[in-house]
Amino acid sequence: MIEQRAADHFLAARVRDAAPSPTLAVSDRARQLKSEGIDVIDLGGGDPDFITPQHIRQAATDAMNGGQTHYVASPGIPELRKAIAAKLKVDNGIEVDPAQGVLVTPGGKAALFQAAMALVEPGVDVMVLEPAWVSYVPMIELAGGTAIHVGLDPDDNFAVMREMLEQHVTDRTRAILINSPNNPTGRVLGHDELVALAEFARAHDLMVWTDEIYEKILYDGHQHESIAAYPGMAERTLTFNGLSKAYAMTGWRLGYVAGPPAFIQEIAKVHSHSVTCATSFAQAGGVAALTGDQAFIGEMLAAWDRRRHLVHDGLGAVKGLRCPLVEGAFYAFVDGRETGHDALALADVLLREAHVAVVPGTAFGEAGEGHVRLSFATGDDVLEQAVQRIRDVLGRH
Ligand SMILES: Cc1ncc(COP(=O)(O)O)c(C=O)c1O
């Protein structure tokens, strides 16, 4: 067997230097402890605890039984691309050409990765607002580029301001990546922040990559706005989204990127040479999801809203923890700076002593120091138990 040291000789440096996904690592660790007989509650992941609605499963089953088991058009079946274009128009005010401006991928993650491969290379900088989802920086680096970490301030509710963007931009910067509602902070970018981002992007001739995968998961009347619909932005914006979160379809692997054909057609090359197409019958389910009854989303939201309060009330009462009510998505980004633990130590204490798996905030960049992220996309009883365990353990510390 080739030892790691010898394997390094064969490995590409960009891969050797990449860290594995820290959120998947948390889940692996939790699974390992469970296999040792320890009753671990895993709040590390980001998977809705609902099964995909029946009408969506039925559409996919019918497609499979009807023989849709072959390769399909590489950029996606026309019905799904049309459904996505219609959705973007109605929900987001974005006009895209379903034939040339939409690419269906196996998950939003693949869309982002393929875009990075198409648009990033050595010498290209991409700005990432942090705390940020764990895969953005590795994707940029795997493509050979440099991520510019723009740390947002937890004491200012992770607000985005033009001055801070200006401080970080370089003459090699080609794009800025934004994510609202945000994983992990739960922040929803407000209109003024989006205006500032749009003006900044235009002033520096940057592309905006906007990851809107949590757009349907909003609380307390917060509104989602798409930056591609802002004046002069459609031509420089790529909008990423997917069906995983809004329709509880994580395992189906369905996502998409939409934008100007000049970019989408180039990303489509990477797509065709890497995955050929997203799964045929899953795409039939995707059409049913986007064109069918949307009531299911409201039902999930009601449950997540209840749990959001449960975590906020339960952990907010623990000395040293701050647990603001999040504006969107289904994560609590708990501020533990006053416990005296750093993010890694806090996550470690919670895993080892409370047997609750959470993600250290630094997995999302230095701006997440002192925080841990926990997912509330899990059953109320499990969550109550987790909150109780955390209270007991931190109460003792
Ligand atoms: C911010 C963000 N973007 C993209 C994704 C990718 O989701 P998927 O590949 O399932 O569409 C996730 C998944 O956790 C996410 O949190």
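Analyst: Leaving aside residues up to four places away in sequence, Arg14 touches Glu141, Leu142 and Gly144, where contact means that C-beta atoms, placed from the backbone, lie within 7 Å. The model is predicted, with local features needing pLDDT of at least 70, side-chain atom pairs counting only at pLDDT 80 or more, and totals for chains, interfaces and linings using all residues. Residues are numbered from 1 along each chain as its sequence is written.

User: Why does Arg14 count as partly exposed?

Analyst: A residue is buried if 20 or more other C-beta atoms lie within 10 Å of its own, exposed if 12 or fewer, and partly exposed in between. Arg14 is partly exposed because it has 13 C-beta neighbours inside 10 Å. Arg14 and Pro138 lie 124 residues apart in sequence, with 9.3 Å from C-alpha to C-alpha.

User: Which domains does the assignment give?

Analyst: Domain bounds come from an automatic or database domain assignment, which here gives domain 1 (4-51 + 296-396) and domain 2 (70-291). Their centres, taken over C-alpha atoms, are separated by 24 Å, and the contact takes 34 residues from domain 1 and 32 residues from domain 2.

User: Which element supplies the largest share of the side of domain 1 that touches domain 2?

Analyst: Helices (H or I, at least four residues) and strands (E, at least two) are DSSP runs, numbered from the N terminus. On that side of domain 1, the largest share, six residues, comes from H12.

Notes
Contact = placed C-beta atoms within 7 Å.
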